[in-house]
Amino acid sequence: MNFVVPDFAPAVTELFVAGMSLVILLLTVFMRESARNIGYVLTQLTLIVAALLTIFTMDGQVRVTLSDMYVDDLMGDVLKILICFSVITALIYGRGYAADRGFDRPEYHLLALFSTLGMMVMVTANHFLSLYIGLEMLSLSLYGLVAFDRDSARSTEAAMKYFILGALASGLLLYGMSMVYGATGNLSLSGVAQAIYNQAAVYDGVSSKTVLMFGLVFIVAGLAFKLGVVPFHMWVPDVYHGAPTSVTLMIGTAPKLAAFAMAMRLLVGGLFDLAEHWQTMLMLMAVGSLVLGNIAAIAQTNLKRMLAYSGISHMGFLLLGLLSGVVEGDRFNALNAYTSSMFYAIAYVVMSLASFGIIILLSRSGFEAENIDDLKGLNKRSSWFAAMMMIIMFSMAGIPFFIGFFAKLSVLQSLVAADMVWLAVLAVMMSLVGAFYYLRVVKVMYFDEPVDTAPIHAASDIRVLLSANCLAIAFLGLLPQQLIDLCQLALVASFQG
Amino acid sequence: MTGMPLLSLAIWVPIVGGLLVLATGSDRNAPMARSMALLTSVIGFLVTIPLFTGFDNSTSAMQFVELARWIPAFNVHYYLGVDGLSVLFVLLNSFVTILVVVAGWEVIKTKVAQYMAAFLIMSGLLNGIFSSLDGLLFYVFFEASLIPLYLIIGVWGGANRVYAAFKFFLYTLAGSLLMLVALIYLFMQSGSFSILDWHELPIAMGAQNLLFWAFLIAFAVKVPMWPVHTWLPDAHVEAPTGGSVVLAAIALKLGAYGFLRFTLPIVPDASQAMAPMMIVLSLIAVVYIGFVALVQADMKKLVAYSSIAHMGFVTLGFFIFNPLGVEGALVQMISHGFVSGAMFLCIGVLYDRMHSRQIADYGGVVNTMPKFAAFFMLFAMANAGLPGTSGFVGEFMVVLGAVQYSFWVAFAAATTLILGAAYTLWMYKRVVFGAIGNDKVAKLEDINGREFAFLAVLAACTLIMGIYPLPVTEVMHASVNELLQHVATSKL
């Protein structure tokens, strides 16, 4: 038996995060209550070092290691860095909120760290198994985080719902993977891609094709659940609403990047030759998400639920990018399409972080500023943060000069390039519907008199970071080119062809 | 001065100045915010003057061009330039901004910095629209300009301001989103976002028709043309005086300008084919909306409807495709900028004193406010198209152009001279003449020096343009001829 020691070097970031998680776990067990800050500080340090490690080991090369389980490429690196920054930001925003409500225990930060590790594994997975492990690691940590406010019935209910539906979705995904394995005899994504390619060349019977299709359907369903798109969206509003806002912040941001990576790995990396089939499924889901997300958001009075529905519609937009890659078997638009989708995902995460950040900023102990009416007269209370929220809302509505507009533009141009003008028209019509509820938030802030006149108490780190986050939305809107280039570069380096 | 990026200055001076005004913060610093806003608007106007003095009337080419890469991924450029069609609007806009700042000087007492900043930022964005030669840059300015106006109507507006602000925003956005798809389509066909490239791009008739409709919806809402005009009276009535002035004087011109910059040269064949429909819609605006204006009880609504009727004249002038018509329409746009702005300022003067816009609440104003009555008279006459005022020149040219096209079109259009006189003068009579209507009118004070200043400036503009319009029309000649040649050349 010959045993080859695998090359661990490419996976150094994940190994570091995993190691640090265990160290922090052990440390906090022996720590006194009064030293609970150490958990937070160590978690942040770990994330910062992880991001730096990734930045310094980043190059354009694709390295597959750990018996085909792991791939280190530029898309993975870029997304890992963004995930780290997103989690760091989310933890900073959420810290005061969690402390006020008494759940800034070490486990809270640890679960966040574990979920980050899960996302990193997902992002760099080259194998059904590692993908699934990453996904479960992320999901299980998030289930725990949602239920973290133990005494809240709403949180517990949300966690149960999330867990049961999430387990179902994982089951679907696993079932789909097993079918694809049955049809291709491979578990590694590159192997699957190769097998499907060969099969297409020498077509060998109907049965394996049928099995493959069934597998594809289940995989897409599992993926759709993680992205939170119609018809697998039912958990999104309840979980966003029920979870403590600092946790909603984590669910609504970085995992979207991970889900995007998972979609890229599975659909583009593994099942690219079935593009015409999964594109049709994505199209149905995208249309459903755009319509339902935008229309249902109008009826919401709770800001978190509104943002949840708006998130569904944004994910619909992201799918529009993914589904315009292959036109009648021709791949000329693939790079353009996936770039637009990745750009959209990043833009959404930046906006989403800021929007939940504002909710946290306005909340204080014993008070959740989660209804739209709680923003009433914000301009009178703090014209600076009213302006920041206005930037976020107009950006989400896709009004220039903000990044949201350019994200929408890049998806729309990809659709038009793929000759799917009707989808582009539908998407802009739904953006119009969406503009209404974003405008309503601006209206409440600027046109109405304040009900709650309490001054805003928030630590200066949140204030500064949140302002920087919002200004980034405006700044990236003025100069979006670098980000688009980065996405394009990452995708070119990771998927040649 | 040719070395200076004048257009960039015209755009960014007000925007940066607006942000600085915003930074003065609370109403404690209101005097500083006001003076800074005035200074910014004056500088903003001064930088546009060389655009007029240095303008070369003999060419239709773009002048004062600035070109830089902006988003290479979509081949978008920061591409600015003006020709005879657009240069005057940059000036008009920068000029009106000063008036708006002055008009809001004492009247606006809450959130002064935000008010001034909103107008300054909007002024910069509007200049951006008129000077963009890149389709996406145009769109970006076009959409972004909705934000300040939405806030102006919503924050400083009247009782029903929320409804009006939403209606304004969503109506305009509905139109422009379809235009975005059209712009992207043109980008895909030509590989560039340059509007001038699109002017040369051959397009099949089917695509031309679709593009025409996409542009039509965007611009018709903005003009506004019948039957998508209903947002305008609401917006005007609820907006503060300054908002109404900018809306009438500048924002309405965007739609008409869009027809000239996009629709006519990019899809000439569809424009030719659709011209009869456009003419009918314009005539409905002129005649039907003229009657609607007649029965209004609210002064602002009346002027709002009269704006729609006047803009109907403008679209009529464009779609009869002769130099008189197009030039007349352009003159009408400039003149309407002065006259409607002045009308709204006059109504603002009354409203500030009486807090009512109902015609029935007035009567005999001339007894207490003689100076005001004289100015109001002049602007009412100009609105009605009296010879010697700027209102006459444009209408007369369009009617002359229309006669060349068809006698009956000209006949229908000319009814505006009667209808316009009827609704404006009847309103004037009820408000200004007669016995003093009530105690409040009896206590009115005549206009102060500040109000006198802005009304006098506008009165001078109205008269000069009415008596000697040549400098204005001269600027347009070359570009209008070039445009009409474009329209006459098939792109199939």
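Strands are DSSP runs of type E with at least two residues, and they are numbered from the N terminus. By that numbering, residues 63–71 of chain B form strand β1, and Phe64(B) lies within this strand. The model is a predicted one. Its two chains, A and B, meet in an interface to which 39 residues of chain A and 35 residues of chain B belong by contact.

**Extent of the interface**

- About 3,300 Å² of area is buried between chain A and chain B, and carbon and sulfur atoms account for 85% of this area.
- Phe401(A), Leu439(A) and Phe447(A) together provide 20% of the area that chain A buries against chain B, which is more than any other three residues supply.

**Polar and charged pairs across the interface**

- Five residue pairs are in polar contact between the two chains, counting pairs in which both residues have pLDDT 80 or more.

**Make-up of the chain A side**

- Six helices of chain A each give two or more residues to the side that touches chain B: α15 (378–381), α16 (383–397), α17 (403–417), α18 (421–447), α19 (460–478) and α20 (481–494).
- Helix α18(A) makes the largest contribution to this side, with 15 residues.
- By residue class, the side of chain A that touches chain B consists of 28 nonpolar, eight polar and three charged residues.

**Cis peptide bonds in chain A**

- The peptide bond between Pro400(A) and Phe401(A) is cis, with omega about 0°.
- Phe401(A), already named for its part in the buried area, is located in the loop between α16 and α17 of chain A.
- A cis peptide bond also leads from Val230(A) to Pro231(A), where omega is near 0°.
- Pro231(A) belongs to the loop that runs between α8 (206–227) and α9 (235–242) of chain A.

- Asp419(A) is not a glycine, yet its phi is positive, at about 65°.
- The loop between α17 and α18 of chain A holds Asp419(A).
- Asp419(A) counts as exposed because its relative accessibility is 65%, and the class of exposed residues begins over 50%.
- Phe64(B), likewise not a glycine, has a positive phi of about 55°, and this residue lies in strand β1 of chain B.

Terms used: Residues are numbered from 1 along each chain as its sequence is written. Chains are lettered from A and ligands numbered from 1 in the order in which they are written. This is a predicted model: local features need pLDDT of at least 70, side-chain atom pairs count only at pLDDT 80 or more; totals for chains, interfaces and linings use all residues. Side-chain values use heavy atoms; hydrogens and water are left out. Contact means heavy atoms within 4.5 Å. Buried area is the accessible area (1.4 Å probe) that two parts lose on being put together, summed over both. A polar contact is a pair of N or O atoms within 3.5 Å; within protein, one must be able to donate a hydrogen and the other to accept it, and residues adjacent in sequence count only if both atoms are side-chain atoms. Helices (H or I, at least four residues) and strands (E, at least two) are DSSP runs, numbered from the N terminus. Ala, Val, Leu, Ile, Met, Phe, Trp, Tyr, Cys and Pro count as nonpolar, Asp, Glu, Lys and Arg as charged, and the others, Gly among them, as polar. Buried means under 20% relative accessible area, exposed over 50%, partly exposed in between (1.4 Å probe, protein chains only).
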